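Subject: Handover of a structure

Dear colleague,

I am handing over a structure to you with this message. Please look at the sequence and the model together before reading my notes below them.

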Amino acid sequence: MSSGGLELPPGDSGHESGPADAPGGVPGASAGAAVSLAPPAAEDVRVGAELEWSPEAWSEVRTRAQRAGRAYIWLNLIEQRLRSVVGAVLRPVYEPVHGGDDWVVAAAGPAGQEWVQRAVAVREVSRRKGYLLDPADDNVLSFLTLPQLRELMVQHWPCFEPYFDDRREIELALDELEVTRNVVSRNRALSRAVLEQAERASARLLEVLGAGSGSPSADRLPIDAVEDLVGDRYADVISVHPDRVRLQRQLPAEDLFGGARRLDAIGIGLNLLVQNFSGRRLVRLSEAGCRVRLLFLNPASSAVKRRERELGLRKGELSRSVEMNILHVRRVRAGLTDPSRFDIHVFDETPRFTAYLVEGQSSGIAVVQSYLRRARGMEAPVLVLRGGGRGVPKDADHGLFQTYREEFESVWEDSRPVS
């Protein structure tokens with residue numbers, strides 16, 4: 001979904017990630033030069049030499065396969081969606097006149113006669129050899145490739161224009177995917193940059209074609225193709241980032257908090273919310289019906305002093321920062337029509353983590369960081385969790401979202417309200 005985040009899949013160093021990300025990074029890939037899989041030079045040739053692969057070569061092969069596999073998922077989704085769109089728009093136009101599968105031949109016209117006849121021949125071979133496992137695929141349209149589907153759409157754009165606003169945007173996205181499709185179909189090496197470009201183009205194209213999930217602020221992080229397939233392997237963790245800066249490149253505060261119906265946050269100073277989401281925006285969010293509960297570390301507690309010593313800060317520096325954040329959210333609460341839906345508490349325990357638990361009408365998401373002894377919150381690793389609504393993975397009972405929800409409630413019960 002975005003560069004910089006260590007996104008799913010996978011969960012170990014031997015796998016790739018991706019988005020989102022939008023697209024994601026590839027933690028399993030080496031940052032150095034790619035391992036060459038070509039045969040040795042002429043002077044090094046000996047019988048059977050090309051059969052020997054080093055561990056580095058095997059690692060490179062796995063990386064190639066993982067990138068190609070992730071790209072194939074997106075390309076498959078796009079092709080199926082485009083096939084559905086072409087069938088829904090052109091079949092009612094041509095089938096009443098030509099009937100059966102001949103409507104595809106008629107729609108292709110003289111310009112597409114060669115490739116549509118090739119698709120017909122491939123279908124016949126598939127029939128004879130028993131390759132058609134699903135009767136729903138026994139039609140010519142199912143054997144058209146992405147470029148051919150695009151050609152049908154371009155040739156008959158007046159038929160598609162009432163349903164899609166921008167022909168140019170669709171064509172540009174398909175152009176970006178063509179490089180990836182060519183590489184994957186011929187089993188050649190796919191670079192990380194091209195994979196990320198393909199994921200972005202696919203997500204944009206699915207949204208344009210009516211298969212997207214709406215605005216980011218409505219559902220925070222839309223479920224991408226890879227998470228939907230393998231997300232249950234990782235409980236409800238959907239991405240990991242080395243620090244908060246990289247998190248915010250993929251998930252800005254507006255997308256995280258915007259449209260929330262419930263917001264619970266716990267931490268020392270809650271800078272991700274207070275410093276990146278304006279007070280005016282927070283007022284509008286609360287007035288729109290969002291239930292807000294903010295839990296700060298007591299700036300007068302001994303835990304703040306210990307944290308200052310851990311980070312090497314001057315005495316009182318951290319406590320003043322927390323006080324300023326509390327004063328800010330108090331001013332926000334004072335400006336609300338119904339302040340009872342905006343609660344501010346402080347706790348005196350040793351802070352173990354910071355968490356922002358955000359739930360909307362149809363989905364939820366959490367951003368969680370553990371406190372490290374020598375690293376400030378901006379520098380600590382970040383987990384992004386899926387929780388609530390339709391986004392809950394199959395293994396939700398063992399997910400982390402609920403664990404941090406229970407921890408929040410436990411600390412909230414022992415905390416004190418700020419007047």
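This is a predicted model: local features need pLDDT of at least 70, side-chain atom pairs count only at pLDDT 80 or more; totals for chains, interfaces and linings use all residues.

Residues are numbered from 1 along each chain as its sequence is written, and side-chain values use heavy atoms, with hydrogens and water left out.

Salt bridges

Side chains of opposite charge can pair when their charged atoms come close. A salt bridge is counted here when a side-chain nitrogen of Lys or Arg lies within 4 Å of a carboxyl oxygen of Asp or Glu. By this rule there are 26 salt bridges.

Several of them belong to helix α1 (residues 55-98). Helices (H or I, at least four residues) and strands (E, at least two) are DSSP runs, numbered from the N terminus. For solvent cover, buried means under 20% relative accessible area, exposed means over 50%, and partly exposed lies in between (1.4 Å probe, protein chains only).

Arg64 and Glu60 form a salt bridge, with their closest N and O atoms 3.5 Å apart. The two residues are four apart in helix α1, so about one helical turn separates them. Arg64 is partly exposed at 28%, whereas Glu60 is buried at 14%.

Glu79 and Arg83 are also joined by a salt bridge, at 2.8 Å from N to O. They too are four residues apart in helix α1, about one helical turn. Glu79 is partly exposed at 23%, and Arg83 is buried at 16%.

In a further pair, the closest N and O atoms of Glu95 and Arg91 are 3.9 Å apart. Both residues lie in helix α1, with a spacing of four residues. Glu95 is partly exposed at 32%, and Arg91 is partly exposed at 30%. Elsewhere, salt bridges that share partners link Arg262, Asp264, Arg293, Glu359, Arg405 and Glu409 into one network.

Paired strands

Two strands pair if DSSP finds at least two bridges between them. Strand β3 (residues 262-267) runs parallel to β4, and six bridges join them. Within this pairing, Asp264 stands opposite Arg293 in β4. Strand β4 also pairs with strand β5 (residues 342-347), again in the parallel sense and over six bridges. Here the bridge partner of Leu295 is His345 in β5. How many residues of strand β4 (residues 291-297) are buried? Six of its seven residues are buried, and the strand is mostly covered.

Two residues with positive phi

Most residues other than glycine have a negative phi. Asn187 is not a glycine, yet its phi is positive, at about 55 degrees. This residue is found in the loop between α6 (167-185) and α7 (192-208). Leu270, which is not a glycine either, has a positive phi of about 55 degrees. Leu270 lies in the loop between β3 and α12 (271-274). Are these two residues buried or exposed? Asn187 is exposed, with a relative accessible area of 67%, while Leu270 is buried, with a relative accessible area of 2%.

Yours sincerely
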